Amino acid sequence: MWRCNAVARTGGTPTRSRWSARAFAVAVALAGVVTMQGIAVAPARAASAPPPIKHVWLVQLENLSFDESISNNPNKFLSRVLPASGKVLTQYYGIGHFSLDNYIAQLSGQAPNPETQGDCQVYRDVTPGTLVPNGTDQGGQAIGQGCVYPSTVLTLGDQLTAKGMTWKGYMEDMGNNATRDGGTACAHPSLNSQDSTQKAAADDQYAARHNPFVYFHSIIDSPACATNDVALPALGADLQSVSSTPNFSFIVPNLCNDAHDATCAGPTACGAGPGGTGGLVAADCWLQTWIPRIVNSPAYKQDGMVIVTFDESNTLGSNGGPGDAASCCNEMGGPGNPAAPGQTGRGGGHISMVILSRWVKPRTTSATPYNHYSLLRSLEDLYGIGSGGSDGQGHLGFAGQSGLAAFGLDVYDNPGGGNAAGLVATPSASVPIPGLTAAAIGAPNAGGGPAAGTVGALALGISAAVAGMGLAGVVARRQPRRQGETH
């Protein structure tokens, strides 16, 4: 289980948790499934077969660590309602810095190169773009620099199309100002031109770098570009029936509502005009608007799963020093940047993921280490891709890395499916979500790696007073990006 290699923020020297793999194994052997203050924490187990989930909504937020988004977040919908309604992955990691490389990895398994790390200021092809042969450690990775991948680099969308399944990207504000965006659907800059969407505008807060579909020739050179990569309002109509709901929906709020900008250039989901508060305040309002619509849709009730996650943790630490570049799961660098996918370290830092589904028990957590490559592998398995990819089993790029775990019974812990789970009522501020305080999860160590406190709680137990610490009034360590910052 402890494949997760915490990388120190300075120098990249691996660090180890104070809880050894042996201690964890003994604790699990003694405890089996441990219940901690009402939250069941199951040991990682591989599923013999994924559950019959065939509609997935992935909601992508921006730039905040686990403790900022969950443990220390006073905004209740993300930090309380969603955890009480589903499962929190307490050891989930981004794969790089800044934003774009994480989005690309989620969709294709491609590792960062310097231009995707820099958020593709100039929209240009990856050259030479030849692929590392399969059967090697970096099989399926595209060689070269640039950010628009050749048609030989496939995405999850391409895999679904080939299997006769459907997908869409829903991008908030895309096309509000078509001159700024470059179009009203599948909007991206012209090749070899500057990206004009790096900063939000009052009438248009769309960012091309947060729309991974437009970085692949397999999509932008296809009619699917215009029909499948659309503006957010189309989601409302598509949710009305199972037949109109794509099998995979990749949903990206604008630069205000995804928690990226602390002060918003345009309107916020909370109803404020330009200059309103963004960050987690706006993101919480956005989630409260859209998540109930998704979980009340026919497709979700039939066979759905909602995933809410972030792209990366903070890229700047205190006093402007190196930020959280922790990694897990034996993450490797690609041929364009093998040493430091996270610029100052191996990964993209410790971030949160919350999963809702009838095949997932509410008010539970999983401490199994996963990252964005694990997410892609898990989706490919859910959809039964089964062949091709870098490993011959349907996994693209580093999603096909040997030994990489997909979500198992630690996530899909309600095998019978039961009834379609809805959202719980807003928990009272005086009743914290157990097991998700900073004390229970464990403070980040010097390398930002696995939170030792989680294993300590399993092996030794923690007092009710510590486990019951309230979250209200706790101030996040760092504010979201200011309007105009590019990553």
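How many aromatic pairs does the structure hold? The structure holds 11 aromatic pairs, where rings of Phe, Tyr and Trp (its six-membered ring) pair if their centres lie within 6.5 Å, with planes under 30 degrees apart counted as stacked, over 60 as edge-to-face and the rest as tilted. This is a predicted model, in which local features need pLDDT of at least 70 and side-chain atom pairs count only at pLDDT 80 or more, while totals for chains, interfaces and linings use all residues. Residues are numbered from 1 along each chain as its sequence is written, and side-chain values use heavy atoms, with hydrogens and water left out.

**Overall chain**

- The secondary structure comes to 16 helices and 19 strands; helices (H or I, at least four residues) and strands (E, at least two) are DSSP runs, numbered from the N terminus.
- Of the 487 residues, 60% count as buried, a term that means under 20% relative accessible area, against over 50% for exposed and in between for partly exposed (1.4 Å probe, protein chains only).
- Contacts (heavy atoms within 4.5 Å) between residues at least 6 apart in sequence join residues at least 24 apart in 77% of cases.

**Strand β10**

- Strand β10 (residues 167-171) is largely enclosed by the rest of the structure, because 5 of its 5 residues are buried.
- Cover extends to both faces of β10: W167, G169 and M171 lie buried on one side, and K168 and Y170 on the other.
- Strands pair if DSSP finds at least two bridges between them; β10 runs parallel to β13 (residues 248-252), to which 5 bridges join it, and K168 stands opposite S249 in β13.
- Strand β10 also runs parallel to β12 (residues 229-231), with 3 bridges, and Y170 stands opposite V230 in β12.

**Aromatic pairs and cluster**

- Among the aromatic pairs, W57 and Y300 are tilted, at 6.1 Å centre to centre and 55° between the planes.
- This pair links distant parts of the chain, with W57 in strand β5 (residues 55-61) and Y300 in helix α12 (residues 298-303), 243 residues apart.
- W57 is buried at a relative accessible area of 0%, and Y300 is buried at 2%.
- Y103 and F250 form another tilted pair, at 6.3 Å centre to centre and 45° between the planes.
- Y103 lies in helix α4 (residues 99-108) and F250 in strand β13, so the pair ties together parts that are 147 residues apart in sequence.
- Y103 counts as buried at 0% relative accessibility, as does F250 at 1%.
- One aromatic cluster is formed by Y103, W167, F213, F248 and F250.
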